[in-house]
Amino acid sequence: METTQTLTNEMQQVLQTLKVDSLNPAYSTGLHSGSATEGGATKEIHSPVDGALIGSVKMADEAIYEKVVEQAQKGFMVWRKMPAPQRGEIIRQIGLKLREYKEPLGKLVTYEMGKIYQEGLGEVQEMIDICDLAVGHSRQLYGFTMHSERPNHRMYDQYHPMGIVGVISAFNFPVAVWAWNAMIAAVCGNVVIWKPSEKTPLTGIACQNIVAEVLKENDLPEGIFNLVIGDAEIGSLMSHDRRIPLVSATGSTRMGKKVGEAVGARLGKSLLELGGNNAIIITEHADMEMAIRATVFGAVGTCGQRCTSTRRLIIHESRYEEVKERLLKIYPSLSIGNPLDGKTLVGPMIDHEAVANFKKALQNVQQEGGKLLVGGEVLEGESYASGNYVKPAIVEAEPQYEMVQEETFAPILYLLKYQGEVEEAISIQNNVKQGLSSAIFTQNLLEAETFLSYQGSDCGIANVNIGTSGAEIGGAFGGEKDTGGGRESGSDAWKFYMRRQTNTINYSTELPLAQGIEFNI
Ligand code: NAD
């Protein structure tokens, strides 16, 4: 059990500023007209930081879910009529509102999820950045025009809104992933139903309130951005629901397979952003200062709970001892503790189950032959009373170990050695089921370009002299293989949120058929 403490004045203030009155079921379900008798079970939300009870939410049941879908359907009728640049204007205002609320929202992200405050702020900044990107898109939802083979005919393609976009999100990016999807979906004319992780629903309520202010100021209905707080069952209802043409799901591969199957069975569209098993390659030509800094941030940032966290370090044998020595010097000096404290670099894990998985993975890999070099302990004492603080671990291992092949969502870094050319390192890197993020540290052009070539990294993200985590808005984000194949938040990812239509217009007085077919009646 979590130790329950009293909420600090600071956090009470934050909740008040964000109007997170979580005990009100109307907020929990995103239906401002809800009543206290509605909804399913009540769930308490404890902070991983100090174990304090932050709030309680009413989980949605099927009846509430139905109401949310109806609300969204009504919202779509209004929203799709607005020209895209006007939708962009609403999103611009959401971006401004997020700037206003950046600090309290960043703090709540930190307090509810456990990432350090700098990363909490960074997450809100991503939301602001995606709003800016969506505003730009609002005047650029282009299709192509083509030359018709028939005289006096014109052909082009255009993009229409799809309807309701379902967003299922994970605990580790409790607000940014919603924004990545919601802002792009909305600028495309869709409405959104968001089911945040049941572990972090309060930040969801906060976002819903921020957006509701903008909608109200513009006399727009609530149903454009909808929230439904629930567990996997609600996610499953969304996946099976034909009224939701696109489901964007972020989370574990296990979850993604279920969502993908359910949506696929009704021939809907799914956008899957799933687990990663990300590696950094350090070649004999690496700039070691850069490589080490990127590795440490990638491996311990967000306490190893980023989809892009660095889990495997593939080091050329000539640099192996140097890398090991440097990391073993840095790891014991990492400040672990309250993520709201500016000096802390590593906050808590999300809950006791995550801590148990961390311990179990370390046990398993040692049974396979791995050598634990540093870390692995669960911290005790007053400052760590929530029981969620661990010392990030480094393990010497072999690439084929079962634990090395799996994503353990925890701060465990596996050191792997390679010999010979960069191709060998790339082969180790690619030889896992996941394909999200990858990086190489080298000052050698041939190595860098080989890594980026068709025979290089098989991941959705491949970086040179930058670590695996910390993607920026603008580039399409996502990965291959067990990571699910989805792309969001940049480039032309908006196209996935729209339905494509090809139009041919005949402005002649004849009716010629394509391919020269004669059909005279
Ligand atoms: P999770 O899979 O346990 O839960 C994610 C979401 O899916 C939650 O909202 C949950 O309620 C819902 N869900 C679970 N089972 C479901 C089902 N059968 N049908 C529908 N919905 C269901 O993941 P988590 O522990 O919250 O997050 C960690 C995982 O997310 C890691 O594997 C991480 O790599 C991944 N992740 C991936 C990305 C990415 O962009 N690729 C980003 C963030 C997190």
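Modeller: First, a term: a polar contact is a pair of N or O atoms within 3.5 Å; within protein, one must be able to donate a hydrogen and the other to accept it, and residues adjacent in sequence count only if both atoms are side-chain atoms. This is a predicted model, where local features need pLDDT of at least 70, side-chain atom pairs count only at pLDDT 80 or more, and totals for chains, interfaces and linings use all residues. Residues are numbered from 1 along each chain as its sequence is written, and side-chain values use heavy atoms, with hydrogens and water left out.

Colleague: Fine. How far is Gly 251 from an oxygen atom of the ligand?

Modeller: A backbone N or O atom of Gly 251 sits 3.4 Å from a ligand oxygen. For a backbone N or O atom of Phe 171, the distance to a ligand oxygen is 3.2 Å. Lys 195 uses a polar side-chain atom, 2.8 Å from an oxygen of the ligand.

Colleague: How much of the ligand's accessible area does the protein cover?

Modeller: 90% of the 850 Å² that the ligand has on its own. Those areas are Shrake-Rupley values with a 1.4 Å probe; for residues, only the protein chains shown count as cover.

Colleague: Which elements give two or more residues to the shell?

Modeller: Helix 9 (232-240) and helix 10 (253-265). Helices (H or I, at least four residues) and strands (E, at least two) are DSSP runs, numbered from the N terminus.

Colleague: How many residues surround the ligand?

Modeller: 28, and the closest are Ser 169, Glu 198, Ser 252, Leu 274 and Glu 407. A residue counts as near if one of its heavy atoms lies within 4 Å.

Colleague: New topic. Which residues of helix 16 are buried?

Modeller: Glu 447, Ala 448, Thr 450 and Phe 451, in a helix spanning 445-452. Buried is under 20% relative accessible area, exposed over 50%, partly exposed in between (1.4 Å probe, protein chains only). Seen down the axis, the buried residues fall within an arc of 165°, so they line one face of helix 16. That arc is taken over directions from the helix axis to the C-beta atoms.

Colleague: And what is on the face turned away?

Modeller: Leu 445 and Leu 446, both exposed. At the N-terminal end, Asn 444 caps helix 16, with a side-chain oxygen 2.8 Å from the backbone nitrogen of Leu 446.

Colleague: Last one. What is the phi of Asn 152?

Modeller: Positive, about 55°, although Asn 152 is not a glycine. Asn 152 is in the loop between strand 3 (145-147) and strand 4 (153-161).
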